[in-house]
Every structure is written in structure tokens, then in C-alpha cells.
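User: I would like to go through a protein model with you, step by step. Could we begin with the terms and then turn to the details?

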Amino acid sequence: MSAPLEPEVPGTAHDAPGPDRTVRGAHPGIPGAHPNAPGIPGTRPNASGIPDEHPVADEHPDASGIAGTHPAVPSATTQWRRLDPRTLLVHCGWMAAPLGSLALTALATGGRITTGAWFTLAAIAASFAVVTTIGLIRWARTEFRVAPRSTDGTGEGAVGGGHGRPTLTLDVRSGLLTRRLRSVPLHRIRTVDLTASPLHRLLGVTVLRAGTAGSGDGRSELSLEALAVPEAERLRAELLAYADAEAVASDPVVARISWRWLRYAPLTFWVVGGVFVVAGSVYRVLDGIGIKAWKLGFVQRAFTEFGASALWLTVPAALLAILALGSVGALALYVENWWNYCLEWTDARTLVVRRGLFTTRSVTIERARLRGVLLREPLLLRAGGGALVRAVAGGLGNREENRKRSGLLPPAPRPEALRVAGGALRSPFPGSTSPAALAPHPRVALRRRRVRGLLWAVLPGTAVLAGLGAAFTPVLLHCAWIYAVVGTAVVLWLARDAYRNLGHGMDGPYLVARSGTFSRDTLALQREAIAAWTFSTSPFSRRAGLVTLTAAVAAGEDGYRIPDLAAAEAPGFAAAAAPGILEEFLMHPGTSAQLPEQRLP
């Protein structure tokens, strides 16, 4: 028997009133751009040629039959699709542990299976039958589709029909006796994650999770377990293609905390540096009250035992202890700083960041003062596929206060960071939909990084170890050449990574600059906000034909560097990025300099 469907709609287009939907600085090629207003999704120019503030649905349906839909969206279909049949094998993954234990027991006893082992095998067989049956029922009764739904609350209807404007939704229905239907409009989807355990990867399937801006607690998240990897990738791309075009205009909430992001907390500076910061603070407090920490009895005993033990065991153990303490501290700091985090547009002109557990923080950024966004990827966080987002805005205090108040997103998955950066800009962040076309820097910049790394990192350490080895023990001589070989390899790798990260360009109204290896920063800065340019050189950079260009702006850190540009190309790029600043100082090819005539008295 089956009960009637019980629709559960975690988010609809009319849940919350949206802010001003004018998208500033959108670029051509974004799905949903009207042909008469390129780059601005869903807008139509008025008589003066300026796009209206509120989007207007197309009067005639497009090829898919849905009025006002975009060309690059999932194909609307009423046909329900099932999960991959290999889902049944995923549900049986728990059997690996008991079967492995039984096999080891049989090997240890020479192939003799005891009575208890037979009972264990029977219990495994019975559990396998139950789990397989439940998995088969779940697979047979779980279906999903992408289908049109009218926004007036009338439910499904003919495409292009009904009184309300239809919108596409991702529908998932499941259940045996009580059927459950969950629907999420595609324009409210903010994240689409693909997760695959080793067993999933072995079977060639993955888990797809689609969440809205308010699904940080997981209650309004849709999960499909499991889909074939090609189908999951295709569905993810289609969902995000639709969501990215409508995300900011339709929902004032840009992002909420997701505790899955906690895994990125140990990939920050505090996992190691935090331990030494705390230790230094404790030492200063003790020293302030007249206590010498290194004279305490337990401290002296610990150092004595540490030195008397085998260093090849105690040193790795100490490093592991530091990493463990640092990880715990990083997690605690992450929770305290970003508890109840929410980033939203309270109106068309105000972006608000709320966060904090013991100390609550609410930072308000006016849209007129928001001059850009910085996507920051520290080395460890980048290796883990994460990033964080900072605002380039005025009115946030001095440089130290700005660093504390400009955070828009904690360490999180890089796709989420790109989405949040686009939500703050009210247009896609450069490089979020396709790799940003940034101009490479001259190859001599790579040579400079190699030389500096070898001179400042490898050579001094090798010289110190070699000198100590010659004076005291030959062991340090071996340490010297090992350090030289390993250090050279690391420096060359870091230099190449730093060079590959260099790039600059223009993307519509934004200046885009990327640099750094220990922290790769990608800056999207409004070109109209640039107030001045600074050209910096040193004797070595002048000899190499390079110059560092700094854009001065009354926001953020006051100036943002583009290092190691070709000296011949830097003035032209600066003049094109911010017209009206350098023109009077430039001399174009084919023209002669006209100096004012001077007469002697």
C-alpha cells in the first residue's frame, strides 16, 4: 500500500524578499543574459538603454517551452530517474570488517573454523540478506528528476502554462509506505558536492549533495546516493550553471556555516603557529609575575628526559604532539570565530557578516564602499582544496582592524569560496565559470625566484651546518649536504609554483591580479576605484627588465601589488586598467616629446 505524497519544499522562490536585483559588472556569456542587455541576467533595457532594476520574464517561451528560462540550464523533464544499481553494493560495504576478521581467524587456525565462527558467518549472511533487501527497496523507491514547477504554489503544470511563472526544481521522492517528496528550486541551490569513499571510487559511483544557502544544518539538503560519476558530474554542472546565473538576484542570503568545513581548520597557520603563540603568551605571563619557566622542576625534568631518549623517536613524537595540539586549537578557534556565521544582503546597498560564539560580531559593508574581493589560498589550505574570501572595502578601520573585519568566508571548499566571492560582487567572480585568461609574466621572473630562494634559504643553512660540522662533528657535514640537496629541490618547486601563480588581466569592470605561493591571492578590484599607480624597481629588477605595479585604492590594505611585470608592458596595462591617470606621462611610439620652450633671461 502507499500513502499520498507529502511534499516537503525546503526552499521556494517566495520564501524571502530579495534585494535589488540589478547585477553590476556582469559579463557576457553568463547563462540567462538577455540579448538586448548582455551580461545582466534576466534584465531588459528601457528606453534609455539602461537595464531596469527588476528582471522581467521573457514574453515568449524559448525552445524548451519555459518562459524566461535560460539556454544553459538542465533540460526540464517529467521522467523520474533512479539511482545507479551499484548502490546496492555500497550498502554492503560494512561486511568487509567481519569477513576480514573471519578470514584472519581461519588463517590463524590453519583453516579450521570453530563453532563460534560458524555462528558469526550465519549472522553475517542473515544481515547481508536484510541489508540487501532494504537497499533494494530503497533503490527501487528512490527517484529524482529536474522538472518545471509553477511559482504561484499550484504545483506542477504544463511548461509555459499556469498563472505563475514556472521555475525548474530538483525533486527527490523516496519511501515505501509513506512517500516523501522533497523539492528545491534550482535558483536557490548554492552548493553541489560530490563525495566518494574508497568503496565508492572502487565501484565508480559518487554521492551528490545539493544544498541551499540556508542548508548549513543539513535539513534542507538533498542527497543522491549513489550516481555514476559521469552522470553526477553532468548533473552537478547543469545545476550550478542555472544556480550561478540566478543565485544572488533571487536570495539575499549568500552563505551560512556548514560544519563540514571544519576539516579545513587544521590546514591554516594556527595548526603549528598557534601552539608557539600560546606557549609564548604563557611564558610572558609567567615572566611578568617573576616566574622563570625554564627553572621549573617539571620543565627541567622534561628537557632532561627528552635529551636522554632516542632523538629519532622523541623528535617525531614531539612534532606529532605539536600538530595534535595545534589541530585541537585550530578547531576551537574556528568554532569560536565562525559560530552561527551568516553572510547576507539585508537590502540592495548593505552586506552584513554575522558570526561568533562567545564574542559575537556583526560587520556591515556598504555596497558603495565594497571595491573588490580577495580570494586567498594558503599553501596547506590550497593543497586540501580550500580557500577563504576577504572583502576589499573602505570604512573598516586601520589595517589591523581591516584584517579582522574583512572576512567574508572562513576556510571552506574552493567552489564555495568562488560562489561567495561572486555573491559579494553581485557578478560571477573571475575564473569561477571558466579559467581566468590572465597574462603570464616574463620567464625572468622564474629565475629571480629561484635565485632568491637559493641565496636566502639554501645557502645560509648549508653554510652554518658545514661550519659547525667542521668545528665539532662530521655528522653535521652530512646534515649540510642533505639539507642542501633537499632544500634546493624544495626551493625550485616553490619557485616554479610561485611563477605559475603570477598573472594579471582585466575582466569587465574588474582588475584581476594573482600572485603568491605560500598564500596564493587572487584579487578582483573595481577599476574605477584605482586612485593612483606606483611603479617600484630595484637594481636587480631593473637589470632584469621587471617592475612591480601597485594599485592605490581607498579600501582594504590601501595598495595591491602586481609583482614582476615586464617594464615595457606595465605602463600600457596600467593606463588601460585605469584610464585618466597615466596618459599625460606616457609617450606613444611614433611621437616625439614636445618640451616647453624656455628662454634665458
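Analyst: One definition is needed at the start: a residue is buried under 20% relative accessible area, exposed over 50%, and partly exposed in between. Please also keep in mind that this is a predicted model.

User: Then is Cys-479 buried, exposed or partly exposed?

Analyst: Cys-479 has a relative accessible area of 33%, so it is partly exposed.

User: And what about Cys-342, buried or exposed?

Analyst: Cys-342 counts as buried, because its relative accessibility is 7%.

User: How many disulfides does the structure hold?

Analyst: The structure holds zero disulfides. In general, a disulfide is a covalent bond between the sulfur atoms of two cysteines.

User: Now salt bridges. How many are there in the whole structure?

Analyst: A search of the whole structure finds 14 salt bridges. One of them joins the side chains of Arg-86 and Asp-84, with N and O 2.8 Å apart.

User: Are those two buried or partly exposed?

Analyst: Asp-84 is buried, as its relative accessibility is 13%. Arg-86, at 31%, counts as partly exposed.

User: Which residue does Arg-173 meet in a salt bridge?

Analyst: The side chain of Arg-173 meets that of Glu-143, at 2.7 Å from N to O. Arg-173 belongs to strand β6 (residues 166–174) and Glu-143 to strand β5 (residues 143–150), so the pair ties together parts that are 30 residues apart in sequence. Both Arg-173 and Glu-143 are buried.

User: What about Arg-414?

Analyst: Arg-414 forms a salt bridge with Glu-377, and their closest N and O atoms are 2.8 Å apart. Because Arg-414 lies in helix α11 (residues 414–425) and Glu-377 in strand β15 (residues 370–378), this pair ties together parts that are 37 residues apart in sequence. Glu-377 is buried at 2% relative accessibility, whereas Arg-414 is partly exposed at 30%.

User: Let us change topic. You mentioned β15; which sheet is it in?

Analyst: β15 is in an open sheet of six strands, in the order β17-β16-β15-β20-β19-β18, with antiparallel pairing. At the edges stand β17 (407–413) and β18 (503–507); each has a single partner strand, so one side of each is left without a neighbour in the sheet. Direction ignored, neighbouring strands of this sheet are turned by 15 degrees against each other on average.

User: What holds strands of a sheet together, in general?

Analyst: Strands of a sheet pair through backbone hydrogen bonds, either parallel or antiparallel.

User: And over how many bridges do β15 and β20 pair?

Analyst: β15 and strand β20 (residues 519–526) pair over seven bridges, in the antiparallel sense. Within β20, Ser-519 is the bridge partner of Pro-378.

User: Which helix lies across β18 and β19?

Analyst: Helix α15 (residues 570–577) lies across both of these strands and runs at about 30 degrees to β18. α15 also lies across β21, β22 and β23, running at about 175 degrees to β21.

User: What is the strand order in the sheet with β21, β22 and β23?

Analyst: The order is β21-β22-β23, an open sheet of three strands with antiparallel pairing. β21 (530–536) and β23 stand at its edges, each with a single partner strand, so one side of each lacks a neighbour in the sheet. From one strand to the next, the twist averages 25 degrees. Helix α12 packs on this sheet and touches β22 and β23, its direction making about 105 degrees with that of β23.

User: Lastly, where is Arg-449, and what does its side chain reach?

Analyst: Arg-449 lies in helix α12 (residues 444–471). Its side chain reaches the backbone oxygen of Ala-445 at 3.1 Å. Arg-449 is buried, because its relative accessible area is 14%. Leaving aside neighbours within four places in sequence, Arg-449 is in contact with residues including Tyr-499, Leu-502 and Pro-563.

Note on methods. Residues numbered from 1 in each chain as written. Predicted model: local features only at pLDDT ≥ 70, side-chain atom pairs only at ≥ 80, totals over all residues. Heavy atoms only, no water. Disulfide = S-S within 2.5 Å. Buried < 20%, exposed > 50% of the residue type's maximum accessible area, 1.4 Å probe, protein only. Helix = DSSP H or I, 4+ residues; strand = E, 2+ residues; numbered from the N terminus. Polar contact = N/O pair within 3.5 Å; in protein donor to acceptor, adjacent residues only side chain to side chain. Contact = heavy atoms within 4.5 Å. Salt bridge = Lys/Arg side-chain N within 4 Å of Asp/Glu carboxyl O. Pairing = 2+ DSSP bridges. Axes fitted to C-alpha atoms, helices over the stretch in contact; angles between N-to-C directions.
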